[in-house]
Amino acid sequence: MLGLDEDFVVHNLVVEKGAIPMKKKPRKIPFEVSLLVKKEIEKLLEVGFIRPIDYLEWMENIVPVKKPIGEIRVCTDFRYLNKACPKDDFPLPNIDMIINSLLGYEMLSFMDGFSGYNQIKIKENDQHKIAFRTPWGNFCYKVMPFGLKNIGATYQRAMTAMFHDFIHKTMEVYVDDILIKSKRKEDHVSDIKVAFDRMKQYKLRIKP
C-alpha cells in the first residue's frame, strides 16, 4: 500500500502551547500476549507503518485487543496526547442527508477504505509525539493510527478534496466509506470506472 501522496495530504499533529509531554509507566503484559504483540509489531514494521525511536518526550502504552480469529490488534492509548490537541472542526457529512440523496437512484455500490487511516502519513516532524512502548522496544507511527484525535477530520478533508466533483452526483463519501450511485443501471459500470480512475490517480486503496 503506497499511501496517499504527501503533496496532497499529510496529518499535522498540533499540540497546544504549554502542554506538558507525558511518559506513561509501562503496563504489565502477559508473556503469551507479549509474543502475539511481537508478531503484530513485526508486521507493522514490514509494511512501514511504524519505526523504532529513542529519546522521547511523549510515550504512550499499547492496549492489545484480541481479534475473534485469535490474533492481536495493537491499539495505543492516546488519551493524554488527545487532551493536549485542539479539535479540528472539519465537518463530517450528515448521514440523514446522504440517505435522502439516494432516492431515485437505481444502482448502488458500497466500498470500504483498506486500512483507511493508515493510508495518510504523519508529518515527519510530528511522528515522535505518537510514540508507544512495547516489551520489544519503543516505536512511533509513520501513518495515522486509530485512536488519535482529528484523524477522521483529516481523512474526510482528503476524501472531499479528492472526489469534490463527484459528491452528491455519482458518489457519497463518509470518512473511509464510499458509495457510488447511478440514476440508471446501465450507467453504473462507467460511474464506477470514473471513480476507480480517480482512486488510482491519488493511490487510494479500497478493500478487494
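**View 1. The largest pocket has a volume of about 550 Å³.** This model is predicted: local features need pLDDT of at least 70, side-chain atom pairs count only at pLDDT 80 or more, and totals for chains, interfaces and linings use all residues. A pocket is an open set of points on a 1 Å grid over the protein atoms alone, where a 1.4 Å probe fits, with protein on both sides within 12 Å along at least five of seven lines. Its volume is the space filled by probe spheres set on the points, joined across faces, edges and corners.

**View 2. The lining of the largest pocket has 18 residues.** Closest to the pocket centre are Leu44, Phe49, Arg73, Ser115 and Asn118. Lining residues have an atom within 4 Å of a point. Two elements, α1 (31–46) and β3 (72–76), each give two or more residues. β3 gives the most, with four. Helices (H or I, at least four residues) and strands (E, at least two) are DSSP runs, numbered from the N terminus.

View 3. The structure holds zero disulfides (pairs of cysteine sulfur atoms within 2.5 Å). Cys75 is in none; the nearest cysteine sulfur, that of Cys140, is 17 Å away. Cys75 is partly exposed, at 26% relative accessibility. Partly exposed lies between buried, under 20% relative accessible area, and exposed, over 50% (1.4 Å probe, protein chains only).

**View 4. Cys140 is buried.** Its relative accessible area is 0%. Cys140 is in no disulfide either; the nearest cysteine sulfur belongs to Cys85, 15 Å away. Residues are numbered from 1 along each chain as its sequence is written, and side-chain values use heavy atoms, with hydrogens and water left out.
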